[in-house]
Amino acid sequence: MKKRIDELWDRAAETVAAYPGGNSNYWQTQANFMYKFAELIVEECAGVVADAVEGREPASTYVEKIKKHFGVKP
């Protein structure tokens, strides 16, 4: 995984570990982790797009900016 994705993975894991009683139900803990990880990725993507919009960049640059942000090759 790329560095930023690793960081988000760790944040999701830390958040799920903080859920009360999260360890008592493995499937619920796993679902909580997946939802949190997805939420963090969406927040990151939205931030990249918001910055591009604020900078009045063409929409065609958003895909490349998001890939670059996460270290994903085009």
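This is a short walk through one predicted protein model, from its overall layout to a few single residues.

First, the ground rules. The model is predicted, so local features need pLDDT of at least 70 and side-chain atom pairs count only at pLDDT 80 or more, while totals for chains, interfaces and linings use all residues. Residues are numbered from 1 along each chain as its sequence is written, and side-chain values use heavy atoms, with hydrogens and water left out.

Now the layout. The protein has three helices and zero strands. Along the sequence, the pattern reads α-α-α. Helices here are DSSP runs of H or I, at least four residues; strands are E runs of at least two; numbering starts at the N terminus.

Next, the surface. The accessible surface is about 5,500 Å², and carbon and sulfur atoms hold 58% of that. These areas come from the Shrake-Rupley method with a 1.4 Å probe. Of the 74 residues, 24% count as buried. Buried means under 20% relative accessible area, exposed means over 50%, and partly exposed is in between, with a 1.4 Å probe and protein chains only.

Contact means heavy atoms within 4.5 Å.

On to the core. Which residues make up the largest nonpolar core? There are nine: I5, L8, A12, V16, F33, F37, L40, C45 and F70. Two elements give two or more residues to this core: α1 (3-17) and α2 (26-54). A nonpolar core is a set of buried Ala, Val, Leu, Ile, Met, Phe, Trp, Tyr and Cys residues joined through side-chain atoms within 4.5 Å. In soluble globular proteins, nonpolar side chains tend to be buried together. Look at F33 in particular. Leaving aside neighbours within four places in sequence, F33 touches W9, A12, A13 and V16.

Now the helix pairs. Start with α1 and α2. Their axes come within 9 Å and cross at roughly 135°. Axes are lines fitted to C-alpha atoms, for helices over the stretch in contact, and angles run from 0 to 180 degrees between N-to-C directions. The pair is therefore oblique. Angles under 35 degrees count as roughly parallel, over 145 as roughly antiparallel, 65 to 115 as roughly perpendicular, and the rest as oblique.

Then α2 and α3. These axes come within 10 Å and cross at roughly 130°. This pair, too, is oblique. From α2, the contact uses I41, E44, C45, V48, V49, A52 and V53; from α3, it uses Y62, K65, I66, H69 and F70.

Y62 sits in helix α3, residues 61-70. Is Y62 buried or exposed? Y62 is buried, because its relative accessible area is 18%. Beyond neighbours within four places, Y62 contacts V49, A52, V53 and E57. Y62 and V48 are 14 residues apart in sequence, and their C-alpha atoms are 7.5 Å apart.

Q30 lies in helix α2. Q30 is partly exposed, at 29% relative accessible area. Q30 and A13 are 17 residues apart along the chain, with 9.6 Å between their C-alpha atoms.

Last, R56. Where is R56 found? R56 is in the loop between α2 and α3. Its phi is near 55°, a positive value in a residue other than glycine. R56 counts as exposed, because its relative accessibility is 77%.
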